[in-house]
Amino acid sequence: MAKLLVKLQRYFRRKPVRFFTLLALYLAAGSLVFLHSGFAGEPTVTGSQHGPGAGEGPGLPYLGVMQLSRGFKAAATMPEGGRRHGPWFKSTSKEPVERGKAGDYGSTQSRVLRGRSGHEKEEDRARYIGCYVDNTRRRTLRGVSFFDYKKMTVFRCQDNCAERGYLYAGLEFGAECYCGHKVQASNASESECNMECKGERSNTCGGVNRLSIYRLELAQESARRYGSAIFRGCFRRPDNVSIALPVSQLMLNMSVDKCVDFCTEKEYPLSALAGTACRCGFPTTLFTLHEREDEQLCAQKCAGEEFESCGTAEYLLVYQTQVQDNRCMDRRFLPTRAKQLVALASFPGAGNTWARHLIELATGFYTGSYYFDGSLYNKGFKGERDHWRSGRTICIKTHESGQKEIESFDSAILLIRNPYKALMAEFNRKYGGHIGFAAHAHWKGKEWPEFVANYAPWWATHTLDWLRYGKKVLVVHFEDLKRDLFVQLQRMVGLLGITACEDRLLCVEGQKDGNFKRSGLRKLEYDPYTPEMRKMISGYIKMVDTALKLRNLSGVPDDYYPR
């Protein structure tokens, strides 16, 4: 055998062309075998048969062998149950799915047909109910919403809505997800829901002002009933209660669950318990929720639940339901070019993204940026792509300092935050994203000390530069904005030249967190600041405090001290 191999080796050394010819024939033969197996299609799977991996998880169907690309005209033989869509899609249709002709795949019609073929099947957790009209002024689904212009999928939208206990999930414009307990709009033609999902081209995610809506069959009943209703406090009964809280229902067997359920069903964001009466409404100037009373005044036991309080006829116990207040959700670009450039200036980590969210809700106009952050654009900040001098946005985010950059703006809102919190927030963003967290190794490694040494001086010089070179600067402390959002937002909107609608600002209070707040579940269990760091930062705090007071402004908030 060894002699034979040596002879072959010598032979091919003398005649290499023949060697490569044989190699090419071998590869060609292998390719033909592969192509033949592809044209043969996937095997039919009967009810009791299972493919590879069956039994690895409940309800996971066998996906079959990989299909050939769309260019082949010969259609693969489909199993009797029709096209399969993975664990979320179980087909009940007995009709085989027809493939379009080659070249038709890019058309709008083929996308609609492809979307419908997936939609019209029953699913484990969701059932497609149709394409519906949507309106930015009066949403079809009025629960929470979120956007992702890069990775939105049907599964992600359904999962987020189901997790919050909603009955319906709707996708629009390929990237927007809306949740709700009731569909309040008319049907549209299926051909109008023709936009592919940004995160999965194989599915349809609505269209322009059109929603692809799913009913969530297995939403948790407990979450649906009580869900994430937020306790707002005990409040005195408003004078014009029938106007302030226009919908009411007598409930002799009253409980918090029943009142929250009732107001959720009626699509109101506020649920107010008044003894045996349940009232629903919006926060308005007649009922602002700004003057809380002692909770003992509302401590009357519920008739239907002995361990809960249900308020009284004079003092109402108020909860915020899952229904989203849409009075402040519409946003657009400025109709005419702005005459002045207004900066929203802050040190990184001082809450600039959150402030942009609040300003957009309060004014109804998009904010812009000195930079471009694709992740923020994908989350709904559509002004992110505009050049900062475009004049189409209400204000411009910037972290810049220095005379030349600052003098480019006609006025500014200067957002200042406690440096200890700002430095940690920016460190988390740098290593974990806008709402993520830095890893433990980063805090304990060399990254954190180097970061503090470089960024702590910048915190001070950023504020000092804007106070020195800014033409018209409104100072807003992050802590004051959190503590008294209504008043501080009024100041900010006033500088922007927008007349503040009080009802809209009250709506913003109910939507203030948005999707840009880090969870408090991963707080550090230790103080990352060394005594040397604290000494250095305290010196910068005193420097900024002195500069503010020299301009007849209030100094830094008390909670910056002591450290």
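**Confidence, sheets and disulfides in a predicted model**

The chain averages a pLDDT of 78, and 74% of the residues score at least 70. Here pLDDT is the predictor's confidence in each residue, from 0 to 100. The structure is a predicted model, in which local features need pLDDT of at least 70, side-chain atom pairs count only at pLDDT 80 or more, and totals for chains, interfaces and linings use all residues. Residues are numbered from 1 along each chain as its sequence is written, and side-chain values use heavy atoms, with hydrogens and water left out.

Over residues 35–123, pLDDT stays under 50. The model has 97 contacts beyond four places in sequence for this stretch; a contact means heavy atoms within 4.5 Å. Residues 219–226 also have pLDDT below 50. Beyond near neighbours in sequence, residues 219–226 have 21 contacts in the model. Where pLDDT is low, the predicted coordinates should not be read in detail.

An open sheet is formed by five strands in the order E1-E7-E3-E4-E2, with antiparallel pairing. Helices (H or I, at least four residues) and strands (E, at least two) are DSSP runs, numbered from the N terminus. Two strands pair if DSSP finds at least two bridges between them. Strand E1 (126–133) and strand E2 (145–147) are the edge strands, and each pairs on one side only. From one strand to the next, the twist averages 20°. Seven antiparallel bridges join E1 to strand E7 (residues 210–216). Gly130 has Ile213 of E7 as its bridge partner. Helix H4 (residues 154–163) packs on the sheet. H4 touches E1, E2, strand E3 (168–172), strand E4 (176–180) and E7. The direction of H4 makes about 145° with that of E3. Axes are lines fitted to C-alpha atoms, for helices over the stretch in contact, and angles run from 0 to 180 degrees between N-to-C directions.

Strand E11 (277–281) has two pairing partners described here. Strand E9 (residues 247–250) pairs with E11 in the antiparallel sense over four bridges. Val247 has Cys280 as its bridge partner in E11. Strand E10 (residues 270–274) is also antiparallel to E11, over five bridges. Leu270 stands opposite Gly281 of E11. E10 and E11 form a hairpin with two residues between them. In the turn, Gly275 has a positive phi of about 75°. Five of the five residues of E11 are buried, so E11 is largely enclosed by the rest of the structure. Buried means under 20% relative accessible area, exposed over 50%, and partly exposed in between (1.4 Å probe, protein chains only). In a regular strand the side chains alternate between the two faces of the sheet. Both faces of E11 are covered, with Ala277, Arg279 and Gly281 buried on one side and Cys278 and Cys280 buried on the other.

A search of the whole structure finds nine disulfides, a disulfide being a pair of cysteine sulfur atoms within 2.5 Å. One of them joins Cys259 to Cys278, at an S to S distance of 2.0 Å. The torsion about the S-S bond of Cys259 and Cys278 is about 85°, so this disulfide is right-handed. The pair links distant parts of the chain, from Cys259 in helix H7 (residues 256–265) to Cys278 in E11, 19 residues apart. Both Cys259 and Cys278 are buried.

Cys234 and Cys298 form another disulfide, with sulfur atoms 1.9 Å apart. The link of Cys234 and Cys298 is right-handed, with 80° about the S-S bond. Cys234 lies in strand E8 (residues 230–236), and Cys298 in the loop between E11 and strand E12 (315–320). This pair links distant parts of the chain, 64 residues apart. Cys234 counts as buried because its relative accessibility is 0%. Cys298 is buried, with a relative accessible area of 1%.

The sulfur atoms of Cys197 and Cys205 are 1.8 Å apart in their disulfide. The torsion about this S-S bond is about 90°, so the Cys197 and Cys205 disulfide is right-handed. Cys197 and Cys205 are both buried.

Cys395 is buried, at 1% relative accessible area. Cys501 is in no disulfide; the nearest cysteine sulfur, that of Cys507, is 9.6 Å away. Cys501 is partly exposed, with a relative accessible area of 44%.
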